[in-house]
Amino acid sequence: MSVTEIETEASITETDEVQADEPAEDTPAPAAASDEELFHQSEIAADYVEGLLDILDIDGDIDELVSGGRPMVEVVGKSLGALVGPRGATLEALQELARLAVYRETGSPSRLLLDVGGYRANRKKELVALAKNAIEKVREHGEAVRLDPMSAFERKCVHDVVNAAEGVESESEGVEPNRRIVVHPA
């Protein structure tokens, strides 16, 4: 595969991830994949991740599943911190590589979610607390609160909490990698 092909595939997948928390304006919604197709995507990604673990000589058990209409791959084991990296940066990169592996085999972009060592589950709990804190500050002071830049996954977690609360709204601003959420009174 040439560098140009890899860059093209990366931009297709990156666009899908960047837009994960905001609907595309002029793009029709893709046909929903069946659970069987989604599970097949998770199997492809799991095979890819397993190959990476073998190359890196890292032990980990890999689970493939479908949750919330998304293919998922979870890697569990000890000493997986190197696969997560600082603030999940390595995990995000591995997720993109796994999505490219799925794209290469199926020809369709994937919304695959990769989790390593429960990082995303733990991070989601932290983000719920962060969102609730921001909501309280907005309600108390009546002023907008700007959060630190986050990945699309993290922004979606925060948007979900804010959207469930009354009297506040959220929106994303900025461009990757400095895209952030602003919570403000409704």
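I started at alanine 134, which lies in helix H5. The model I am reading is a predicted one. Is alanine 134 buried or exposed? Its relative accessibility is 2%, so I put it down as buried; the cut-off for that is under 20%.

Next I listed what alanine 134 touches. Setting aside neighbours within four places in sequence, I found Val145, Leu147 and Val183 in contact with alanine 134. I also checked the distance to valine 168. That residue is 34 residues away along the chain, yet the two C-alpha atoms are separated by 9.7 Å.

**Cores**

I then looked up the largest nonpolar core. It has 19 residues. Which of them touch the most other members? They are Ile135, Leu147, Val158, Val162, Val168 and Val183. Helix H5 (119-141), helix H6 (152-164) and strand S6 (180-185) are the elements that give two or more residues to this core. A separate core of 18 residues lies apart from that one, and includes Ile58, Leu94, Ala98 and Leu114.

I took valine 158 as one member to trace. Beyond four places in sequence, valine 158 is in contact with Leu127, Ala131, Leu147, Met150 and Ile181.

**The S4-S6-S5 sheet**

I moved on to the strands. Three of them make an open sheet, ordered S4-S6-S5, with antiparallel pairing. Strand S4 (145-146) and strand S5 (168-173) are the edges; each has a single partner strand, so one side of each has no neighbour in the sheet. How many bridges join S5 to S6? I count six, and the two strands run antiparallel. Valine 168 faces proline 185 of S6 across this pairing.

**S2 and S3**

Here the direction is parallel: strand S2 (residues 70-76) and S3 are joined by four bridges. Methionine 72 stands opposite leucine 113 in S3.

I checked which way the side chains of S3 point. In a regular strand, side chains alternate between the two faces of the sheet. In strand S3 (residues 113-116), Leu113 and Asp115 point one way, while Leu114 and Val116 point the other. All four are buried.

**Helix H4**

I looked at the length of helix H4 (residues 89-106). Its 18 residues reach 26 Å from first C-alpha to last, close to the 26 Å expected at 1.5 Å a residue. Which residues of H4 are buried? My list reads Leu91, Glu92, Leu94, Gln95, Glu96, Ala98, Arg99, Leu100, Ala101, Val102 and Tyr103. After H4 comes glycine 107, with a positive phi near 80 degrees.

**Rings**

I searched for aromatic pairs and found zero in the structure. One ring does have a charge over it: the charged end of arginine 120 sits over the ring of phenylalanine 153, 4.7 Å from its centre.

**Whole chain**

Last, I noted the overall figures. The protein has six helices and six strands. Along the sequence they follow the pattern α-α-β-β-α-α-β-α-β-α-β-β. Of the 186 residues, 37% count as buried. What share of contacts between residues at least 6 apart in sequence join residues at least 24 apart? It is 62%.

Conventions. Residues are numbered from 1 along each chain as its sequence is written. This is a predicted model: local features need pLDDT of at least 70, side-chain atom pairs count only at pLDDT 80 or more; totals for chains, interfaces and linings use all residues. Side-chain values use heavy atoms; hydrogens and water are left out. A nonpolar core is a set of buried Ala, Val, Leu, Ile, Met, Phe, Trp, Tyr and Cys residues joined through side-chain atoms within 4.5 Å. Buried means under 20% relative accessible area, exposed over 50%, partly exposed in between (1.4 Å probe, protein chains only). Contact means heavy atoms within 4.5 Å. The expected span of a helix is 1.5 Å times one less than its number of residues. Rings of Phe, Tyr and Trp (its six-membered ring) pair if their centres lie within 6.5 Å; planes under 30 degrees apart count as stacked, over 60 as edge-to-face and the rest as tilted. A charge sits over a ring if NZ of Lys or CZ of Arg is within 6 Å of the ring centre and within 35 degrees of the ring normal. Two strands pair if DSSP finds at least two bridges between them.
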